[in-house]
Amino acid sequence: MSLLDHAAHRPFPLPATPWIMRQRWHDLLFAHWPADPRELRAVLPPALRPFLDTFDGLAWLGVIPFWMSHVRPRFMPPIPGFSTFPELNVRTYLTIDGKPGVFFFSLDVTSRSAVVGARVAFSLPYFHARMSVMAGRHIGDRLASPAPALPRAAVQYVSERLQPPVPAEFRARYGPIGPARRARPGSIEFFLVERYCLYTTRAGNILRAVIHHLPWPLQPAEASIELNTVAAAGGLRLPSHPPLLHFAKELDVVVWWLERA
């Protein structure tokens, strides 16, 4: 059965147009910190400020390391050397026209072609970085000196941005510590992850790209984060207390072209 046949969980219908890109996401850490909505609105593009989402009066800022594979346009197979690479994003959350989505402050990847393609096609703030992921296999550049030990953690992740604004680095070990479950509607977990589009702006216009996947198989997580300056590089302040952590092992995703929101 096709991924598109499983859509009853979505908060809004699938587009009538064909999807244009397919991806598979692996070993995601969702690290989230509560934030003052006034501070986040101040760094959002002006057109998006009215649409910032809050949960119990707080906005949320996420730092999400993972790696992706099987990245390919529609009707094309994955291209060796271009379809598997790490990504690290910094994000917050918006809802426009009843469609909850994600806004990215930055996205770091090892693939130069992904940086250029995403900036041109999707108006997203991608940056080239030296990155390495150890998660049963090695993804990305050569691994630097190891991150701190974490007995039950499965993933070692290192990222160093190579273009301004720098420094923007992330070093951590993380992994799941419990079984996977679907987020309960109305919970903070559901608010943070069950979002099926991204938002960006171009020439002052608000644009939306719809995505589709099955509900997130979330697991409780632990992490040892040694270094994390990717938010600060974008002028964002993270609280000093530990983040809310979740892990997801793998998810298939399809993406549509940008449309006016």
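Trainee: Which residues have the most contacts inside the largest nonpolar core?

Mentor: The model is a predicted one. In soluble globular proteins, nonpolar side chains tend to be buried together. Here the largest nonpolar core holds 44 residues, and those with the most contacts inside it are L40, V90 and F105.

Trainee: Which residues does L40 touch, not counting residues up to four places away in sequence?

Mentor: L40 is among the residues with the most contacts inside the largest core. Not counting residues up to four places away in sequence, its partners include F105, which is also named for its contacts in that core.

Trainee: How many residues does the second, separate core have?

Mentor: I20, L28, M68 and L107 are included in this second core, which is separate. Its number of residues is 37.

Trainee: Which element supplies the largest share of the lining of the largest pocket?

Mentor: The largest pocket has a volume of about 800 Å³. Of the 39 residues that line it, the closest to its centre are M21, Q23, M68, V71 and Y126. Elements that each supply at least two lining residues include β1 (21-35), β2 (59-73) and α2 (112-122). The largest share, six residues, comes from α2.

Trainee: How many residues in the lining of the largest pocket are nonpolar?

Mentor: The lining is divided by class, with six polar and four charged residues. The number of nonpolar residues in this lining is 29.

Trainee: What parts of the chain does the salt bridge between D108 and R161 tie together?

Mentor: The closest N and O atoms of D108 and R161 are 2.8 Å apart. D108 lies in strand β4 and R161 in strand β7 (residues 155-161), so the pair ties together parts that are 53 residues apart in sequence. Both D108 and R161 are buried. The parts tied together are therefore strands β4 and β7.

Trainee: Which residue forms a salt bridge with R130, and in which strand does that partner lie?

Mentor: R130 lies in strand β5 (residues 126-134) and is 30 residues away in sequence from its partner. The closest N and O atoms of the two are 2.9 Å apart. The partner is E160, in strand β7.

Trainee: Is R208 buried or exposed?

Mentor: R208 forms a salt bridge with E259, the closest N and O atoms being 3.3 Å apart. E259 is partly exposed, with a relative accessible area of 32%. Buried means under 20%. Because its relative accessibility is 3%, R208 counts as buried.

Technical notes
Residues are numbered from 1 along each chain as its sequence is written. This is a predicted model: local features need pLDDT of at least 70, side-chain atom pairs count only at pLDDT 80 or more; totals for chains, interfaces and linings use all residues. Side-chain values use heavy atoms; hydrogens and water are left out. A nonpolar core is a set of buried Ala, Val, Leu, Ile, Met, Phe, Trp, Tyr and Cys residues joined through side-chain atoms within 4.5 Å. Buried means under 20% relative accessible area, exposed over 50%, partly exposed in between (1.4 Å probe, protein chains only). Contact means heavy atoms within 4.5 Å. On a 1 Å grid over the protein atoms alone, a cavity is a set of points where a 1.4 Å probe fits but cannot get out, and a pocket is an open set with protein on both sides within 12 Å along at least five of seven lines; lining residues have an atom within 4 Å of a point. Grid points are joined across faces, edges and corners, and a volume is the space filled by probe spheres set on the points. Helices (H or I, at least four residues) and strands (E, at least two) are DSSP runs, numbered from the N terminus. Ala, Val, Leu, Ile, Met, Phe, Trp, Tyr, Cys and Pro count as nonpolar, Asp, Glu, Lys and Arg as charged, and the others, Gly among them, as polar. A salt bridge is a side-chain nitrogen of Lys or Arg within 4 Å of a carboxyl oxygen of Asp or Glu.
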